[in-house]
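These notebook entries record what I looked up in the structure shown below. I set down each item with the criterion applied to it.

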Amino acid sequence: MVIDDGALSETTTGAFISAKRKLLTEFNLWGIVSLPPGVFSCAGASVKTDLLFFEGMGNTERIWYYDLSDLKIGKKNPLTLARMEGLLDAVSTRAVTDQSWFVTMEEIVSRGYDLKAVNPNRTVEVDPRTSSEILAEIESRHIEITAAFDRLRGLIKLP
């Protein structure tokens, strides 16, 4: 099933919570693949989407997640099978990799049925500079750019 990413993370609307609770208790939702933004943009849909994989009757004990959201997708750079090679290799074994992990039903319930894929293996780069240092760099580059424009104006004789 393809679903809007926002529906997975919605935890304040009773209908969304009830629908997710029903899906998790009546079916085995065994996998969620987080697709990159823009996968369906050629069809006019710009929302971020996910693929849900579930089996018939039963209940969900844990969900295997796979994160493809770092892929850059566009008209000239579509999502192809070749770009999904890691997923295709991992899905049959539900391997745990840098792009895949498991979340238990207990964790999902504790998060209020938030099913959004948040990769715990992703490293977040933090800029160590202070805001004053960043502003100083912006100002310095502004001065450089202004000087370059002034030289360019002189070369092409603009007023």
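**Entry 1. A pair in helix 5.** I began with Arg141 and Glu137, which are separated by about one helical turn because they lie four residues apart in helix 5. Helices here are DSSP runs of H or I with at least four residues, strands are runs of E with at least two, and both are numbered from the N terminus. The side chains of Arg141 and Glu137 meet in a salt bridge, at 2.7 Å from N to O. I apply that term to a side-chain nitrogen of Lys or Arg within 4 Å of a carboxyl oxygen of Asp or Glu. Glu137 is partly exposed, with a relative accessible area of 28%. Buried means under 20% relative accessible area, exposed over 50%, and partly exposed in between, with a 1.4 Å probe and protein chains only.

**Entry 2. Basis of the values.** I note that the model is predicted, so that local features need pLDDT of at least 70 and side-chain atom pairs count only at pLDDT 80 or more, while totals for chains, interfaces and linings use all residues. Residues are numbered from 1 along each chain as its sequence is written, and side-chain values use heavy atoms, with hydrogens and water left out.

**Entry 3. Other salt bridges.** How many salt bridges does the rule give? I find a count of eight. Asp127, Arg129, Glu137 and Arg141 are linked in a network of them.

In helix 2, I looked up Glu26 and Lys22, which are four residues apart, about one turn of the helix. Their salt bridge has its closest N and O atoms 3.0 Å apart. Glu26 is partly exposed at 32% relative accessible area, and Lys22 is partly exposed at 48%.

I then turned to Asp70 and Arg122, whose salt bridge has its closest N and O atoms 3.2 Å apart. This pair links distant parts of the chain, 52 residues apart: Asp70 is in the loop between strand 4 and helix 3 (85–91), and Arg122 is in the loop between helix 4 (105–110) and helix 5. Asp70 is exposed, with a relative accessible area of 52%, whereas Arg122 is partly exposed at 36%.

Entry 4. In what order do the five strands of the open sheet stand? I read the order as 1-3-2-4-5, with mixed pairing. Strand 1 (2–4) and strand 5 (100–104) stand at the edges with a single partner strand each, so one side of each has no neighbour in the sheet. From one strand to the next, the twist averages 30°. Two strands are taken to pair if DSSP finds at least two bridges between them.

Strand 2 (residues 27–34) and strand 4 (residues 62–67) run parallel and are joined by four bridges. Within strand 4, Tyr66 stands opposite Val33, and Trp64 is the bridge partner of Gly31. Strand 4 and strand 5 run antiparallel, with five bridges between them; there, the bridge partner of Ile63 is Val103 in strand 5. I also recorded that five of the six residues of strand 4 are buried, so this strand is largely enclosed by the rest of the structure.

**Entry 5. A patch on the surface.** Which residues form a nonpolar patch on the surface? I list Ile145, Phe149, Leu152, Leu155 and Ile156, with about 530 Å² of accessible area together. Patch members have over 30% relative accessible area and no salt bridge; like charges are joined within 9 Å, and nonpolar side chains (Val, Leu, Ile, Met, Phe, Trp, Tyr) within 5 Å. The areas come from the Shrake-Rupley method with a 1.4 Å probe, and for residues only the protein chains shown count as cover. Leu155 lies in helix 5 (residues 131–156) and is exposed, with a relative accessible area of 68%.

**Entry 6. Two separations.** Thr12 is placed in the loop between helix 1 (5–9) and helix 2 and is exposed at 69% relative accessible area. I find Thr12 and Asp114 to be 102 residues apart in sequence and 9.8 Å apart in space, C-alpha to C-alpha.

His142 lies in helix 5 and is exposed, with a relative accessible area of 51%. The C-alpha atoms of His142 and Asp98 are separated by 39 Å, the two residues being 44 residues apart along the chain.

Methods
Axes are lines fitted to C-alpha atoms, for helices over the stretch in contact, and angles run from 0 to 180 degrees between N-to-C directions.
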